[in-house]
Amino acid sequence: MDARAPPHQQTAATPQLRQQHGGGGDFTAIFTVLLSFVVIAAMVLVPSSSTLKNSLYIVHQVPEGHVGVYWRGGALLNTITDPGFHMKMPLITHFEPIQVTLQTDLVRDIPCGTKGGVMINFEKIEVVNRLHKDFVHQTLLNYGVQYDHTWIYDKIHHEINQFCSVHSLQQVYIDMFDQIDEKMKDALQADCTRYAPGIEILSVRVTKPKIPESIRRNFEQMEEERTKVLIAVERQRVAEKEAETQKKIAISEAEKDAHVSKIQMEQKLTEKDSSRRQEEIANAIKSSLNEVTTSCIFRTIKEAEANKMKLTPQFLELKFIEAIANNSKIFFGNKVPNMVFDQRLVGSFLQDVARTGNLET
């Protein structure tokens with residue numbers, strides 16, 4: 001058809017064209033439906049983490065340990081979904097999974113200069129951190145999805161350089177190396193607590209830095225010399241301990257011998273004292289027996305002397321009279337038995353006997 005034809009001619013020709021191409025409308029509708037079905041199937045079935053495909057998804061999956069965060073037209077939405085399948089508007093709403101469990105960020109190749117001007121390099125530093133679920137929206141709103149680049153990767157570079165700049169190589173490499181982990185953790189957590197409270201720094205693992213080869217050899221030689229000194233000190237300490245042990249053994253043996261000698265001496269003294277006491281007891285018994293014997297002899301002598309002094313005529317006469325008086329026999333009649341004498345005669349007889357006895361003595 002001529003493009004310069006009048007409008008009424010074009011209008012008249014249009015029904016003719018429509019009649020000539022009467023089946024074209026049906027084919028276009030079928031093609032559109034088929035294309036839509038393919039696009040929908042691709043959006044549902046084809047997995048991908050790219051930004052474009054995340055925007056094309058209708059049904060999307062939030063993995064375990066993550067939450068789903070959404071943007072619409074570049075603006076962050078307040079909607080946060082839990083793990084599982086969810087639906088969103090394709091092309092309009094963008095989706096990103098954000099991890100809220102423990103994750104380890106690996107920071108590599110951190111150069112720094114020490115206080116003395118020596119350049120060293122930390123090949124690897126691991127930072128174990130976690131973003132709390134309640135602070136996901138606030139953190140992403142302020143620092144974006146790559147929040148860890150701001151508060152972990154870049155921050156660890158800054159803190160390592162700050163630490164190296166105020167310490168010598170000896171301190172960084174040997175003396176204070178065991179403290180770097182805690183110092184980095186405290187420094188990172190302090191800034192996160194102040195500016196990004198949802199980020200929790202759990203631990204920092206710092207590997208030994210690489211130092212120039214010549215300095216490393218010097219450190220190795222120093223360590224060897226230090227090891228030799230420590231070995232010598234330990235040997236001396238062992239020798240001192242052995243000498244002290246031998247001394248204690250000798251003292252113990254001497255104390256044991258002295259104790260045994262003391263016990264034996266005390267035993268001998270006890271035996272001597274026992275013998276002495278036995279002799280004293282025997283002497284005391286003998287002396288007592290002598291005293292008793294002497295006392296008996298003396299008493300016998302005294303009794304004899306007393307009896308001798310008692311044998312007077314008067315005493316004998318008294319005894320005779322008492323004996324006669326004690327006689328219970330009574331004689332009656334004109335004659336008295338011949339055996340009964342006059343007491344006077346008997347008394348005279350006894351006096352003569354006593355006198356005769358004195359003369360004989």
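The model is a predicted one. Its largest nonpolar core has 40 residues, and helix H5 (147-165) gives the most to this core, with seven residues. Helix H7 (177-195) also supplies at least two residues of the core, and the buried residues of H7 pack against S7, H5, H6 and S8.

**Nonpolar core**

- Within the largest nonpolar core, the residues with the most contacts are Ile 120, Phe 122, Ile 125, Ile 156, Ile 160 and Ile 180.
- The strands that each supply at least two residues of this core are S2 (66-72), S6 (103-113), S7 (119-131) and S8 (199-206).
- At least two residues each also come from helices H4 (136-143), H5 (147-165), H6 (169-175) and H7 (177-195).
- Apart from its neighbours within four places in sequence, Ile 125 is in contact with Asp 105, Leu 106, Val 107 and Ile 110, with Ile 156 and Ile 160, and with Val 204, Arg 205 and Val 206.

**Helix H7**

- The 19 residues of H7 should span 27 Å at 1.5 Å a residue, and the end C-alpha atoms are 28 Å apart, which agrees with that expectation.
- The buried residues in H7 are Phe 177, Ile 180, Met 184, Ala 187, Leu 188, Gln 189, Asp 191 and Cys 192.
- Ile 180, buried in H7, is also among the residues with the most contacts inside the largest core.

- Cys 192, located in helix H7, counts as buried because its relative accessibility is 0%, where buried means under 20%.
- If residues up to four places away in sequence are not counted, Cys 192 touches Trp 151, Pro 197, Ile 199 and Ile 201.
- Cys 192 and Ile 152 are 40 residues apart along the chain, and their C-alpha atoms are separated by 9.2 Å.
- Glu 182, which also lies in helix H7, is partly exposed because its relative accessible area is 48%, a value that falls between the limits of 20% and 50%.
- From Glu 182 to Ser 203 the separation is 21 residues in sequence and 7.8 Å in space, C-alpha to C-alpha.

**Surface patch**

- Met 89, Leu 91 and Ile 92 make a nonpolar surface patch of about 310 Å².
- Ile 92 is placed in the loop between strand S4 (84-87) and strand S5 (93-99).
- With 44% relative accessibility, Ile 92 counts as partly exposed.

How values were computed. Residues numbered from 1 in each chain as written. Predicted model: local features only at pLDDT ≥ 70, side-chain atom pairs only at ≥ 80, totals over all residues. Heavy atoms only, no water. Patch = residues over 30% accessible without salt bridge, like charges linked within 9 Å, V, L, I, M, F, W, Y side chains within 5 Å. Areas by Shrake-Rupley, 256 points an atom, 1.4 Å probe, with all protein chains shown as cover. Salt bridge = Lys/Arg side-chain N within 4 Å of Asp/Glu carboxyl O. Helix = DSSP H or I, 4+ residues; strand = E, 2+ residues; numbered from the N terminus. Buried < 20%, exposed > 50% of the residue type's maximum accessible area, 1.4 Å probe, protein only. Core = buried A, V, L, I, M, F, W, Y, C linked by side-chain atoms within 4.5 Å. Contact = heavy atoms within 4.5 Å. Expected span 1.5 Å × (residues − 1).
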